[in-house]
Amino acid sequence: SSQASSSDDGFLNCLSASIPSQLVFTRSSPSFTPLLKSSIRNPKFFTPATVRPLYIVTPTNASHVQTAVGCGRRSGVRIRVRSGGHDYEGLSYRAVRNETFAVLDLSSIRAVRVDAQASTAWVDSGATLGELYYAVGKASGQLGFPAGLCPTVGVGGHFSGGGFGMLLRKYGMAIDNVIDAVLVDARGRLLSKNTMGSDVFWAIRGGGGESFGVVLSWQVRLVPVPPTVTVFNLPVTASQGAVDVVTRWQQVAPALPDDLMIRVVVQQQTANFQSLFLGTCDALLPVMSSRFPELRFNRSYCREMTWIQSVPYIYLGSGSTVEDLLNRTTSASVFASGYKATSDYVRRAIPRDAWATIFAKLAKPNAGLMILDPYGAAIGAVPESATPYPHRAGVLYNIQYMNFWSMAAGDGAVQTKWIRDFYAFMEPYVSSSPREAYFNYRDLDLGENVIVGNVSSYQAGMVWGQKYFKDNYKRLAMAKGEIDPDDYFRNEQSIPPLAKNK
Ligand code: FDA
């Protein structure tokens, strides 16, 4: 094939001994750009100014990955791993500064093997969440899995950075349900839970895979779901009292029974209450009238369905089907627009007058939106140090801020500034010391690594690291020091290595 030419390029020559040339792409290959673009989910990182890889490798098995890592180290080519490509800062396929790197695109390593008898599954990192949910739903109507809402998100990035969705109050995060994993480390070794060591196995469940190697697959514990779930979507506008209802929601939602999740999307002047209840409408009605009468919920809002049907319904809308979960290029409007996002955690309810100001700010031209995910119950019951993800007991809810723009209309400077100003405005109302943030909602405004002596600086990384990981940052750095002391696997926000005796 036309891809890998037999040049005197050390990296290519090294690969060619063990990887078929049709799995290796250089910039001169006609397929290079379409392949690079295939899972770019934020088009602001697909411009002429974007620092792109020199090579893309699409391994189909573990030995290809081992070879790519070995060849990369030998020839001074770094590797960025891409599973689903949803990284908010594009770090799986672009670099901020000039860098010689290859993208290892895992989209061909994406099997899902469900053992319904044992209620477990092995899922490869290149699978999407939709492919995982679909396979689980096919294998059993009584099993589900607690992870994110968007079906095109990749398992590799999502699991290694945490992962939460509509089942978070009942079953916690994706990482709380990972029981084994397969990792290729910087020495090219193929490791499992038992051979990678307990600190590394801990680290890849929330600390970001990119710092520790290439996670090839994950074994997960599947969770029981009832035969009927109830979904609702209830919009409340500002003129209908949204400020009061959202203010009240802050106390109600994190304290509800664990089988009821009510999140809120606040956009322009509407608070959209989106819910998944693990039970029937008849069972939901009395809970709503006793716990949250302010929402004025009634039977007409109930949509009963199976859990697997609820997954596309909630994210893709009422016209979608379970088969849509298999569509890896679902063009949700988000992928046509550039966007900027960031996050916060709220530990004390925000006063009503601040909510009134927030609604006024959301009414302005070029304003963004807020997604509020309530915590409590299972997600809060896990100790802060059990996984790298530390935002647990005491968190009322997570906020995600997002703002979008049409790439044809501009570079997003106005929308990005709106996010930054809004983030500054929110400071008094959210967690502090550190101001916590969700690693999977990556934001380089929180800080970037500084390279000292050819490794990322532990000290400099604390600025962003403690926001994502609190006190777990240090243990992550020690796990990094153990598995990749030379800092081969790194990006602008990877965990810096720390020697154990420091
Ligand atoms: P991508 O391939 O871009 O990787 C992200 C990072 O992980 C990169 O640094 C990459 O190098 C690294 N990585 C990827 N695969 C790896 C592997 N196999 N081994 C080692 N490192 C690897 N989150 C959430 O919790 N709940 C939600 O509901 C949503 N919803 C959502 C919707 C949309 C539209 C987007 C764009 C994002 C979300 N997210 C989310 C955030 C999502 O969880 C986050 O962006 C994940 O990191 C995406 O994983 P991908 O594999 O798709 O990303």
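**Note on the predicted model of the protein chain**

1. The protein chain contains 16 helices and 20 strands, where helices (H or I, at least four residues) and strands (E, at least two) are DSSP runs numbered from the N terminus. This is a predicted model, in which local features need pLDDT of at least 70 and side-chain atom pairs count only at pLDDT 80 or more, while totals for chains, interfaces and linings use all residues. Residues are numbered from 1 along each chain as its sequence is written, and side-chain values use heavy atoms, with hydrogens and water left out.

2. On overall dimensions, the C-alpha atoms fill a box of roughly 70 × 50 × 50 Å, taken along the principal axes.

3. The protein chain exposes about 18,900 Å², of which carbon and sulfur atoms supply 51%; accessible areas come from the Shrake-Rupley method with a 1.4 Å probe, and for residues only the protein chains shown count as cover.

4. Among contacts (heavy atoms within 4.5 Å) between residues at least 6 apart in sequence, 74% join residues at least 24 apart. As for charge, the mean positions of the 48 positive and 39 negative charges are 1 Å apart. Here Lys and Arg count as positive and Asp and Glu as negative, with His and the chain ends not counted, and each charge is placed at NZ of Lys, CZ of Arg, CG of Asp or CD of Glu.

5. Strand 14 (residues 270-277) deserves a separate look, since it is mostly covered, with six of its eight residues buried. Strand 12 (residues 229-237) runs antiparallel to strand 14 and is joined to it by eight bridges, two strands being paired if DSSP finds at least two bridges between them. Within strand 14, Q274 stands opposite N233.

6. Strand 13 (residues 260-267) is likewise antiparallel to strand 14, and eight bridges join the two; M261 has L276 in strand 14 as its bridge partner. Strand 13 and strand 14 form a hairpin with two residues between them, and Q268 in the turn has a positive phi of about 50°.

7. Most residues other than glycine have a negative phi, and most peptide bonds are trans. The peptide bond from S433 to P434 is cis, with omega near 0°, and P434 is found in the loop between helix 14 (413-426) and strand 19 (451-452).

8. R296, although not a glycine, has a positive phi of about 50°; it sits in the loop between helix 10 (281-291) and strand 15 (303-305) and is exposed, with a relative accessible area of 69%. N366, also not a glycine, has a positive phi of about 65°; N366 is found in the loop between helix 12 (352-362) and strand 17 (369-374) and is partly exposed, with a relative accessible area of 42%.

9. T416 lies in helix 14 and is buried, with a relative accessible area of 10%. Not counting residues up to four places away in sequence, T416 touches K340 and W405.

Methods:
Buried < 20%, exposed > 50% of the residue type's maximum accessible area, 1.4 Å probe, protein only.
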